[in-house]
Amino acid sequence: MADHYDQKILALLVDDARLSVSDISRQVNLSRSAVTERIRRMEDNKTITGYHAHTSVSKEEGVSAYIALTFRPLSCEQVLPLISSIPEVKLAHSISGDLDLLLLVQTSSMDRLNEIREKMETWPNLHKVVTHMCLAKRLDRW
């Protein structure tokens, strides 16, 4: 169970995963060894599942969209390798309701988004594709 120290450590790492243990220890008022042990424990129990580099897409050229996919029938075994082959797909979630998959796609241009969508339209058993363009970022905790 995470206590307030773990929560503070997690918040610092979410904000900047490159913070040194020394910097974290100063900010949470714990020793470096205590912080190191807490981070190791959170990695072991899968509270922390990885450290990632986030890339930026130019605000002038960048495009983000959610693509909603419906299959008849759905075969995740067939679709997952196809999704994984497109580096611009940042998230892929199976969801309940009328849709099967919801993808977050971030590209450098509308042309590239169109290429990706055209590629998806060739996927097996695809019934419907709907693209929802992101107009403005309101909150980003990634």
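This is a predicted model: local features need pLDDT of at least 70, side-chain atom pairs count only at pLDDT 80 or more; totals for chains, interfaces and linings use all residues.
Local features need pLDDT of at least 70 and side-chain atom pairs count only at pLDDT 80 or more, while totals for chains, interfaces and linings use all residues. Residues are numbered from 1 along each chain as its sequence is written, and side-chain values use heavy atoms, with hydrogens and water left out.

Helices α1 (residues 4–15) and α3 (residues 32–44) pack with their axes 11 Å apart, at an angle of about 80 degrees. Helices are DSSP runs of H or I, at least four residues, numbered from the N terminus. Axes are lines fitted to C-alpha atoms over the stretch in contact, and angles run from 0 to 180 degrees between N-to-C directions. The two helices are therefore roughly perpendicular (65 to 115 degrees). On the α1 side, Y5, D6, I9, L10 and L13 make the contact; V35, R38, I39, R41 and M42 meet them from α3 (heavy atoms within 4.5 Å).

The structure holds 10 salt bridges (a side-chain nitrogen of Lys or Arg within 4 Å of a carboxyl oxygen of Asp or Glu). R38 pairs with D6, with the closest N and O atoms 2.7 Å apart. R38 lies in α3 and D6 in α1, so this pair ties together parts 32 residues apart in sequence. R38 is buried at 16% relative accessibility, and D6 is buried at 1% (buried is under 20% relative accessible area, exposed over 50%, partly exposed in between; 1.4 Å probe, protein chains only).

Within α3, E37 and R40 are 3 residues apart, about one helical turn. Their closest N and O atoms lie 2.3 Å apart in a salt bridge. E37 is partly exposed at 38%. R40 is also partly exposed, at 38%.

Note on methods:
Angles under 35 degrees count as roughly parallel, over 145 as roughly antiparallel, 65 to 115 as roughly perpendicular and the rest as oblique.
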